[in-house]
Amino acid sequence: MSTKTPKIEMKDVRKAFGEKCVLNGIDLTVNKGESLVIIGGSGTGKSVTLKCVLGLMKPDSGSIMIDGVETTTMNQKERDALMGKFGMLFQGGALFDSMKVWENIAFGLIQGKKMNADEAHDIALEKLRQVGLAQQTGNLFPAELSGGMQKRVSLARAIATNPEIIFFDEPTTGLDPIMADVINDLISECVKDLGATALTITHDMSSARKIADHVAMIYEGQMIWDGPVGQLYDSKNSYVEQFIHGRADGPISKHS
Amino acid sequence: MLKIMQSFNKDSVIDFPAYVAQTIGGSILSFLQSIGALAAFIGKATAKSFSPPFYPRLIMKQFIDIGYYSLPVVGMTALFTGMVLALQSYTGFTRFNAEGAIAGVVALSVTRELAPVLAGLMVAGRVGASIAAEIGTMRVTEQIDALITLSVNPFKYLIAPRVIAGTLMLPILVLMGDIIGIYGGYIVSIYNLDFSSGTYIAQTWDILEKMDVLSGLIKAAVFGFIVSMMGCYHGFNSGRGAQGVGTATTYAVVSASILILISNYILTQVFFS
Ligand SMILES: Nc1ncnc2c1ncn2[C@@H]1O[C@H](COP(=O)(O)OP(=O)(O)O)[C@@H](O)[C@H]1O
Ligand SMILES: [Mg+2]
């Protein structure tokens with residue numbers, strides 16, 4: 001176990017926007033086939049952490065290794081090759097509004113993996129079914145869908161290429177509890193059946209309990225706690241306790 | 001200014017020159033920085049426009065968006081410019097009994113200057129703004145990030161088609177503008193100023209040389225490149241939120257317009273001296 005190279009390993013990653021220091025030395029390890037959930041308040045840098053791993057943002061310093069290979073110093077070509085391993089569900093959906101729903105889902109297959117359109121169309125419809133949407137939805141444009149439906153389409157797009165590593169940025173935010181559970185099952189399925197490694201951000205504790213193998217909590221730009229999901233409610237960490245029970249009073253300040 | 005002075009009175013007066021120097025130095029530095037960023041962007045966008053994969057369908061779509069849909073605007077601009085030129089030169093030239101020069105003035109002004117510059121400015125407003133708004137919206141809604149995670153290079157997928165289409169379509173638009181503009185002058189001269197049709201056409205052909213038209217078309221290609229590049233650059237680097245996109249759109253139009261006027265002068269100098 002300890003000799004295996006971790007799928008994702010972040011060491012002392014820092015990132016500031018101007019004066020504002022967002023990531024303050026992030027350390028994080030995710031092993032192959034593991035599902036890690038990151039919890040933490042809004043604006044604490046969870047999305048920024050994901051974007052640094054994906055290479056969409058360049059950290060100011062620190063090391064990010066994927067499969068034991070340093071990524072922060074990669075050139076464009078190596079980076080392009082690496083992207084093929086990733087799938088990402090963006091917090092805001094980030095669907096291409098000029099394309100139909102099925103074209104969105106099939107985009108990575110057609111453009112990235114050079115699959116022919118018919119085959120990709122079939123896969124897109126299958127993914128659409130998996131996220132609980134009707135086939136006819138495929139011919140609508142993203143603007144014609146509700147927020148929750150957009151999120152599910154975005155999820156379908158993220159998993160359509162069967163990526164090795166999938167990032168979910170608040171996958172269940174804005175969904176009703178039942179649909180949230182469908183999505184939780186789907187995420188667990190991706191990890192268990194496809195052997196993917198998942199890194200999920202969520203505020204939704206029931207979702208975290210369901211999909212996580214490990215949980216890490218971010219606060220003021222650092223990972224202040226991590227451990228197996230079984231220990232989450234027994235963490236003896238006052239920050240974690242305050243967050244998971246949603247208490248207004250505690251060590252986490254109300255105006256960060 | 002008064003406010004700045006007041007805020008310095010509170011501290012010490014000696015700080016003021018230092019503050020001014022710092023501010024000016026700072027803005028010069030950030031100006032140089034943005035020139036560098038722009039140059040890097042243009043270099044990358046140009047390089048990516050010439051290397052595979054190409055997206056012929058996206059390029060076709062931009063041909064239609066940028067070229068075909070700009071035709072009414074450019075056509076109207078050229079038509080009325082040609083017409084007013086004939087009218088203005090008539091009222092001016094009768095003072096020196098030089099009415100015979102009207103055909104030549106219209107033909108030369110339209111092909112060398114007015115068609116390319118006015119078409120460039122109109123397209124900057126129409127196309128430059130829409131490119132910046134579209135790409136800027138894709139930036140702020142993370143659609144550009146999504147492209148990257150789906151293994152598609154945004155420079156090739158978004159920017160190259162627009163720059164290619166802008167550079168190739170504007171000369172075609174301007175060629176049509178040339179014809180329409182000259183025709184506008186012709187209409188006014190024949191129906192309003194009672195010139196003879198045959199003489200007017202002969203005079204036009206007489207004076208017009210290949211280089212007059214060609215220089216206008218080369219200018220048009222440069223302006224098309226400027227407009228699409230400015231739209232892409234400002235959209236791609238759009239700030240966050242709706243405000244970011246609004247600012248990007250404004251910058252795209254203003255910077256393209258100014259660069260068109262400056263490069264027009266430089267190109268004219270190169271062609272005709
Ligand atoms: N592109 C950016 N430019 C400037 N500041 C940013 C940018 N992206 C994120 N931030 C700032 O970084 C902080 C963390 O953002 P984010 O990671 O999105 O928070 P969250 O943990 O809610 O996902 C926020 O204060 C945000 O304003
Ligand atoms: Mg976030």
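This is a predicted model: local features need pLDDT of at least 70, side-chain atom pairs count only at pLDDT 80 or more; totals for chains, interfaces and linings use all residues.
# Briefing: hairpins, sheet, ligand shell and domains

In the hairpin that strand 1 of chain A makes with strand 2 of chain A, 2 residues sit between the strands, and Gly18(A) takes a positive phi near 60°. As background, the strands of a sheet pair through backbone hydrogen bonds, and they may do so in a parallel or an antiparallel way.

**The open sheet**

- Strand 1 of chain A and strand 2 of chain A run antiparallel and are joined by 8 bridges, and one pair in this arrangement is Met10(A) with its bridge partner Leu28(A) in strand 2.
- Strand 1, residues 8-17 of chain A, also pairs with strand 4, residues 61-66 of chain A, in the antiparallel sense over 5 bridges, and here Arg14(A) stands opposite Ser61(A) of strand 4.
- These strands belong to an open sheet of 4 strands in chain A, which follow the order 2-1-4-5 with antiparallel pairing.
- Strand 2 (20-30) and strand 5 (69-70) of chain A each have a single partner strand, so they stand at the edges of the sheet, and one side of each is left without a neighbour there.

**A further hairpin**

- Strand 9, residues 214-219 of chain A, pairs with strand 10, residues 222-228 of chain A, in the antiparallel sense over 6 bridges, and Ile218(A) stands opposite Met223(A) of strand 10.
- Strand 9 and strand 10 of chain A form a hairpin with 2 residues between them, and in its turn Glu220(A) has a positive phi of about 50°.

- On the chain A side, an oxygen atom of ligand 1 is 2.9 Å from a polar backbone atom of Val48(A), while a backbone N or O atom of Thr44(A) lies 3.3 Å from an oxygen atom of the ligand.
- On the chain B side, an N or O atom in the side chain of Arg240(B) is 3.5 Å from a nitrogen atom of ligand 1.
- Taken alone, ligand 1 exposes 560 Å², and the protein buries 73% of that area.

**The domains of chain A**

- Chain A is divided into domain 1, which covers 8-85 + 165-255, and domain 2, which covers 97-162.
- The C-alpha centres of domain 1 and domain 2 of chain A lie 25 Å apart, and across the boundary 15 residues of domain 1 are in contact with 10 residues of domain 2.

Conventions:
Residues are numbered from 1 along each chain as its sequence is written. Chains are lettered from A and ligands numbered from 1 in the order in which they are written. Side-chain values use heavy atoms; hydrogens and water are left out. Two strands pair if DSSP finds at least two bridges between them. A polar contact is a pair of N or O atoms within 3.5 Å; within protein, one must be able to donate a hydrogen and the other to accept it, and residues adjacent in sequence count only if both atoms are side-chain atoms. Accessible areas come from the Shrake-Rupley method with a 1.4 Å probe; for residues, only the protein chains shown count as cover. Domain bounds come from an automatic or database domain assignment. Contact means heavy atoms within 4.5 Å.
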